[in-house]
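Open the model in your viewer and keep the selection tool at hand. The stops below go one selection at a time.

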Amino acid sequence: MSEPKIEFWYEFASSYSYLSVMRIEALARDAGVALEWKPFLLGPVFLAMGWNDSPFNIYPPKGRYMWRDLARLADKYGLPFRMPSRFPRSGLLAARLALLGVEQGWVAEFSRKVMLANFAEDREIGEPEVIGAILAELGLPVDELLAAAVTEDNKRALRRQTERAAELGMFGAPSFRVGEELFWGNDRLEDALAWARRPS
């Protein structure tokens with residue numbers, strides 16, 4: 001019988017993705033579910049729906065609610081949180097590097113550190129200096145990876161992954177996919193893992 005698995009689709013600029021990035025690896029391991037990290041970009045997905053900004057900025061009451069909700073949930077999970085002075089920040093470079101991290105086996109720790117930089121330390125994750133410092137903390141070859149991230153092949157890979165997210169019907173992040181089942185939102189993480197463990 002094949003091992004149950006879950007696809008984790010997330011965006012480095014996404015506030016609720018922060019919560020899931022910080023929690024999912026341990027939860028999936030405890031559940032005995034294989035985890036596939038799927039970084040992508042929400043910007044093109046939102047543009048296809050007619051939005052040129054985060055819905056949390058387009059609809060201010062929704063945004064105010066989200067930030068308070070995020071603070072409550074971070075407290076619940078024991079995670080640090082500081083409201084970013086700029087939102088959303090560009091997750092482009094981080095996503096390109098995360099694709100390399102998936103191939104090379106360091107995506108989980110890299111993703112957590114980038115999310116902490118954005119949502120706990122208020123650092124500009126779109127800047128190569130910030131991302132480079134995170135790679136250095138992980139003992140990774142900074143210059144080599146920053147160069148590899150912006151090759152045409154890697155840029156195309158992220159575009160394809162983002163297009164695939166839209167093809168699969170994703171409209172926000174975090175999203176979790178188990179077989180053909182789609183779960184949206186940090187609050188559906190445990191449900192998605194439970195679904196993955198259901199008898200086929």
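Is I6 buried or exposed? I6 is buried, at a relative accessible area of 0%; buried means under 20%, exposed over 50% and partly exposed in between, with a 1.4 Å probe and protein chains only. This is a predicted model, in which local features need pLDDT of at least 70, side-chain atom pairs count only at pLDDT 80 or more, and totals for chains, interfaces and linings use all residues. Residues are numbered from 1 along each chain as its sequence is written, and side-chain values use heavy atoms, with hydrogens and water left out.

Stay on I6, which sits in strand β1 (residues 5-10); strands (E, at least two residues) and helices (H or I, at least four) are DSSP runs numbered from the N terminus. Leaving aside residues up to four places away in sequence, its contacts include V33, L35, F176 and V178, a contact being heavy atoms within 4.5 Å.

Next, select helix α9 (residues 152-167). Colour N154, L158, Q161, T162 and A165, which are buried. On the face turned away from that buried side, find the exposed D153 and E167. Just after α9, G169 has a positive phi of about 90 degrees.

Move on to P174, in the loop between α9 and β3 (175-178). The peptide bond joining A173 and P174 is cis, with omega about 5 degrees.

Finish at D122, in the loop between α6 (107-119) and α7 (128-137). D122 is not a glycine, yet its phi is positive, near 55 degrees.
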